[in-house]
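Q: Could you walk me through this model, one feature at a time? I would like to learn how to read each kind of feature.

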Amino acid sequence: MHLFQRFRWSRLRLLAAAAAVALAGFGLAAPSATANTASVQHIGVPAYFNPSTSYWTQLDQSSPAVGIAIANPDNGPSTAFDQSYANAIQAATAAGVKVIGYVDTGYFGTTGRATRGGLTTTTAWTTQAEADVDDWYSWYGSYGLAGIFFDDALNDCGTDNAHVALYQAVGDYVKQNHAGALTADNPGAPADQCYSSAADILVMFEGTYASYTSWTPPAWELSSSNPNQFWHLVYDTPTQANMENAVSLSKQRNAGYLYVTNDNLPNPWDTLPTGSYWSDELTQTGASGGGGDTTPPSAPSGLAASSVGSTSVTLTWSASSDNVGVTAYDVYSGSSVVAAVSGSTTTATVSNLSPATGYSFTVKARDAAGNVSPASAPVSVTTTSGGGSGSCTPVAGSGTITNFSACMTATTETFQATFNTAVSLHHVFIDSDNNQSTGFQLPSPSSTPLGADYMIENNILYRSLSHGWSWAPVNGVSPNMTHNGNVYSWSIPLSALGTSAATQRAVFNGNTFYTAPITFSRG
């Protein structure tokens with residue numbers, strides 16, 4: 001496993017943005033009179049969500065408007081076959097969606113990125129990429145895998161075409177071993193024209209709607225007679241009208257593949273748009289079919305609360321009805337989704353709440369086409385005042401991370417912090433045995449070595465294996481990470497931490513910023 005996971009939105013794209021500026025001399029040419037346009041497009045979705053969610057079914061229901069989906073279990077094929085991914089790939093293929101597998105190329109080590117084995121050479125990255133390709137096809141080829149998506153790609157030709165040759169080589173490796181395979185390269189910024197033969201599809205833009213409105217594609221994309229070679233990925237597109245404008249711009253910019261979402265950082269690819277936003281996007285792209293079901297489910301009824309604690313509550317409701325079928329329920333606190341369950345489940349536990357605080361919850365149903373029901377009648381809840389010796393009181397802090405807190409009950413630990421600067425990796429280091437001499441020793445500029453026995457990295461829990469940077473994932477535990485704006489919350493079962501102390505310490509981290517340690521106790 002590659003620690004410091006990169007949730008493939010696929011990075012903060014600072015490198016890509018810098019590359020775009022550096023390429024201004026040839027890549028940011030104004031549209032010419034001979035520019036071509038894409039009249040009919042297909043949607044290409046970075047499907048970076050678990051197969052157990054309803055989003056994969058929504059993709060299947062949205063074919064043929066959806067042409068491509070990228071499967072990404074763990075920044076690559078992961079370490080073993082996963083039947084749930086096999087089933088998702090098989091179902092999508094049967095629906096007419098081409099599923100391609102995610103492979104990280106790490107800029108082939110040219111920026112100092114290391115492989116999972118800790119090597120930075122071009123040869124090591126090539127070996128790892130080819131091994132990932134082999135795993136993808138060994139595990140999922142018989143289920144209909146259609147090709148490979150190469151991420152973290154370079155976009156310049158390189159001296160004597162050295163850079164583009166690397167991508168031509170891995171692309172050839174795929175096609176020579178798997179006839180008919182589709183390949184895509186993702187520099188996330190305009191690629192030199194030398195890449196036109198390196199892959200079937202090039203992601204020429206990956207960024208926000210705000211930046212997309214002022215972005216100009218390179219002249220060779222505009223003049224190309226093959227729009228299906230170009231793919232634009234646009235996130236943080238707040239409204240349906242913004243989405244329609246993005247689709248219109250993408251056609252003018254000759255992109256045959258497009259995806260527009262209202263989702264945002266830290267991972268804009270972990271959901272699909274729903275309701276009229278999604279059905280309209282299917283229609284706006286111009287591909288025939290898709291989005292045929294426009295009837296929303298009925299509103300859930302009988303919403304009730306039980307098991308109200310200091311940081312959690314259990315909600316139940318009566319099922320909605322739908323002309324095709326309900327695929328998911330979303331639980332809202334105000335306008336924010338705080339929990340989601342499958343369409344066959346009518347109960348959910350909401351965690352990461354604050355003690356002695358009033359909340360109003362509603363539930364909405366979703367179907368496979370993305371139609372969303374009206375909200376249920378609300379239920380009001382006030383959490384209890386427990387939570388562990390007052391440790392839930394936030395520490396104000398300053399700088400990158402503020403208003404951070406940690407709580408512990410007899411069964412659960414919860415953490416919350418406000419990240420004032422965008423970071424791709426949100427960390428909580430936990431000294432679960434209250435012994436600074438054990439576990440990972442935090443480096444400077446942390447004010448304390450802490451002795452972290454466990455680490456939450458985004459939504460993965462790891463156990464420390466030494467004083468150095470050596471970790472193993474805790475199997476069967478997926479921290480419930482939620483965020484509302486720049487406020488991030490986590491909840492983990494206390495049992496996941498093994499034999500833990502009644503008093504513990506935690507430090508929050510983003511980029512090179514570390515908070516002061518916070519001490520919290522079991523209530």
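Q: Is R116 buried, partly exposed or exposed?

A: Happy to start there, and do keep in mind that this model is predicted. A residue is called buried under 20% relative accessible area and exposed over 50%. R116 has a relative accessible area of 42%, so R116 is partly exposed.

Q: Which side chain does R116 meet in a salt bridge?

A: The general idea first: side chains of opposite charge can pair when their charged atoms come close. Here the side chain of R116 meets that of D132, at 2.7 Å from N to O. The pair links distant parts of the chain, with R116 in the loop between β3 and α5 and D132 in helix α5, 16 residues apart. D132 counts as buried, because its relative accessibility is 2%.

Q: How many salt bridges are there by this rule?

A: The count comes to 5. Another of them joins D200 and K175, also at 2.7 Å from N to O. D200 sits in the loop between β5 and β6, whereas K175 belongs to helix α6, 25 residues away. D200 is partly exposed at 28%, and K175 is partly exposed at 33%. There is a network too: salt bridges with shared partners join D104, R113 and D152. D104 is buried with a relative accessible area of 5%, and R113 is buried at 11%.

Q: In what order do the strands of the barrel come?

A: Strands of a sheet pair through backbone hydrogen bonds, either parallel or antiparallel. In this case 8 strands close into a barrel in the order β1-β2-β3-β4-β5-β6-β7-β8, with parallel pairing. Neighbouring strands are turned by 25 degrees against each other on average, direction ignored. For a detailed example, take β2 and β3, which pair over 4 bridges; A71 has G101 in β3 as its bridge partner.

Q: What span should helix α9 have, and how far apart are its end C-alpha atoms?

A: At 1.5 Å a residue, the 13 residues of α9 should span 18 Å, and the end C-alpha atoms are 19 Å apart, which agrees. The helix has several buried residues, including M243, V247 and L249. The buried residues of α9 pack against α7, β7, β8 and α10. After the helix comes N254, with a positive phi near 70 degrees.

Q: Where is T362 found, and is T362 buried or exposed?

A: T362 lies in strand β14. Its relative accessibility is 15%, so T362 counts as buried. Beyond its neighbours within four places in sequence, T362 is in contact with several residues, among them L303, Y332 and P378.

How values were computed. Residues are numbered from 1 along each chain as its sequence is written. This is a predicted model: local features need pLDDT of at least 70, side-chain atom pairs count only at pLDDT 80 or more; totals for chains, interfaces and linings use all residues. Side-chain values use heavy atoms; hydrogens and water are left out. Helices (H or I, at least four residues) and strands (E, at least two) are DSSP runs, numbered from the N terminus. Buried means under 20% relative accessible area, exposed over 50%, partly exposed in between (1.4 Å probe, protein chains only). Contact means heavy atoms within 4.5 Å. Two strands pair if DSSP finds at least two bridges between them. Axes are lines fitted to C-alpha atoms, for helices over the stretch in contact, and angles run from 0 to 180 degrees between N-to-C directions. The expected span of a helix is 1.5 Å times one less than its number of residues. A salt bridge is a side-chain nitrogen of Lys or Arg within 4 Å of a carboxyl oxygen of Asp or Glu.
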